[in-house]
Amino acid sequence: MDYVSTRNAGLRVRAAQAIAAGIAPDGGLFCPTEIPALTQADWDALPGMDYRARAALVLGKYLTDFTGEELAGFARKAYADDKFGGPDTAPVMTLKDGKHILELWHGPTCAFKDMALQILPHLLTASLQKIGETRTACILVATSGDTGKAALEGFADVPGTKIMVYYPVDGVSPMQKLQMTTQAGDNVEVVAIRGNFDDAQSAVKRIFTDPATADKMQAHGMLFSSANSINWGRLAPQIAYYISAYCDLVQAGTIRMGDKINICVPTGNFGNILAGYLAKQMGLPVHKFICASNRNNVLTDFFKKGGVYDKNRPFYTTDSPSMDILISSNLERLLFYISGQNDKVVSELMEQLRQEGRYTLPASLFDKVAADFDAGFCDDVQTAQAIRRLWEDERYLSDPHTAVAVQVYEQYRAQTGDATPTVIASTASPFKFCRAVVEALGGKLEQDDVSQLDALTALTGLSAPAPLQALKGKQPRFDRVVDKANILDTIDLLL
């Protein structure tokens, strides 16, 4: 299968090249030229498989440079029991009123990014070998909190790689910051940027497209790649867990094979919900995607106001920081597919966004979007109410991002009357955002953020995940803070 840039369909590469590069040289995102279909034989086999086999099967449809044996081996290593707490890698918890919570946070960093970033190092290093690349791969990551730690954990001390993570200095939770700044590994660097996530993301894209920086890297025998969801190798593994969740619901007798579901996702950069959309194009029976946002509701307005995307608005720092984003990069891939892979249309829209901070979809394209997507948002007060309501009514403990999705789903169900069983993506352990959760439950806040783990345990009787408890007493290794204008200077840290 070939991959092309969203901004230049004439630029055609293989899967290994797309994964190694991370982003297209024109600033576009690599996309497969076709979305493969799951066959009836696949659907017959999938329910009886474990998560690793399901993931390998789905990846094999896209990554045709790799053998089935290679992908199965990568999946076994990535989703090993000792990394995800057992064989139930992404369990589905059934609550009231059609809510089925897909828990994606049982990996080593307690966030959904582990589902992709535990397998990406295997895909990337194998891709480099397949294309005959001998240079050191320097992984650049912009993070609003979870991607950074998951990428650091995945690539720490991986031979032939270095990794640099950029995060907004005041835009992540204390626990997320501590996870990143205490990361072990001889090949890792962490830098805080004065600004928000969009500033960090734009700065990283600037590094990728700067000719002088590219020359410097070449001279030192290095090349850039990405672990953000702009890299197809990060996005493709996420498709598998929606298909896996569906199979689990079939196996549990909750639905019958062929029944439709909804998928509700707390959304920032649009990669997680786009993975669900791609699963539908492969044959997953989905009625509606519900895009859930916090107060930074640029995506809600896009879906509710006729396809007007406008980032010219206030930026808010919220209790769900991984969604504090105004430029949703992966929306570009959706535009590419609904336009019939029209790179000219996508390029024009992205140029409007760059120059004016906004664009409007043609009505014919928005109609295609509206057929699949609905959206909603809630603020921190409503988020806290949802956390408390879930705990008091259903004894389910939720982090703020998952609570946003639950709140938006309940709004959607009340407004539409749609009672279709709904898979809600739960993207982080509540203990990763325990200060916000403790406060929502009316508990006493501790001065030390790691001590909040014990406070939340005292409130709920639940134990914090071991990787978070292990942060107690750890001292930060990284304390560098830079202005976004000086981002290019930080590359010397990798040399």
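These legends go through a set of close-up views of a predicted model.

The model is predicted, so local features are kept at pLDDT of at least 70 and side-chain atom pairs only at pLDDT 80 or more, while totals for chains, interfaces and linings use all residues. Residues are numbered from 1 along each chain as its sequence is written, and side-chain values use heavy atoms, with hydrogens and water left out.

**View 1**
Helices (H or I, at least four residues) and strands (E, at least two) are DSSP runs counted from the N terminus, and two strands pair if DSSP finds at least two bridges between them. For angles, the axes are lines fitted to C-alpha atoms (for helices, over the stretch in contact), and values run from 0 to 180 degrees between N-to-C directions. A contact, by the way, means heavy atoms within 4.5 Å.

**View 1. Strand 5 and its two partners, strand 4 and strand 15.**
Strand 5 (residues 99–103) runs parallel to strand 15 (residues 422–426), and the two share 5 bridges. Along that pairing, Ile-101 has Ile-424 as its bridge partner, and Lys-99 has Thr-422. With strand 4 the pairing is antiparallel, over 3 bridges, and here Ile-101 partners Met-93. Strands 4 and 5 make a hairpin with 4 residues between them, and Asp-97 in the turn has a positive phi of about 60 degrees.

**View 2. The two covered faces of strand 5.**
In a regular strand the side chains alternate between the two faces of the sheet. In strand 5, Lys-99, Ile-101 and Glu-103 are on one side, with His-100 and Leu-102 on the other, and all are buried. That makes 5 of 5 residues in strand 5 buried; the term means under 20% relative accessible area, with exposed over 50% and partly exposed in between (1.4 Å probe, protein chains only).

Strand 8 (residues 188–194) and strand 16 pair in the parallel sense over 3 bridges, with Ala-192 opposite Val-481.

**View 3. Helix 8 against helix 9.**
Two packed helices are described by the angle between their axes and the distance between the axes. The axes of helix 8 (residues 146–155) and helix 9 (residues 174–181) come within 9 Å and cross at roughly 25 degrees. The two helices are therefore roughly parallel; the scale is under 35 degrees for roughly parallel, over 145 for roughly antiparallel, 65 to 115 for roughly perpendicular, and oblique for the rest. The crossing is left-handed, meaning the near helix is turned anticlockwise from the far one by less than a right angle (clockwise would be right-handed). Asp-146, Gly-148, Lys-149 and Leu-152 in helix 8 meet Gln-176, Gln-179 and Met-180 in helix 9. By class, that contact splits into 2 nonpolar, 3 polar and 2 charged residues. Ala, Val, Leu, Ile, Met, Phe, Trp, Tyr, Cys and Pro count as nonpolar, Asp, Glu, Lys and Arg as charged, and the others, Gly among them, as polar.

**View 4. Helix 3 crossing helix 12.**
Helix 3 (residues 51–62) and helix 12 (residues 232–251) pack at about 130 degrees, with axes 9 Å apart, so they are oblique to each other. This crossing is right-handed. Residues from helix 3 in the contact include Tyr-51, Arg-54 and Tyr-62, and those from helix 12 include Trp-232, Asp-248 and Gln-251. The tally is 13 nonpolar, 2 polar and 2 charged residues.

**View 5. Ala-24 in its loop.**
Ala-24 sits between helix 1 (15–21) and strand 3 (30–32), and is buried at a relative accessible area of 2%. Leaving aside neighbours within four places in sequence, Ala-24 is in contact with Ser-5, Leu-11 and Phe-30.
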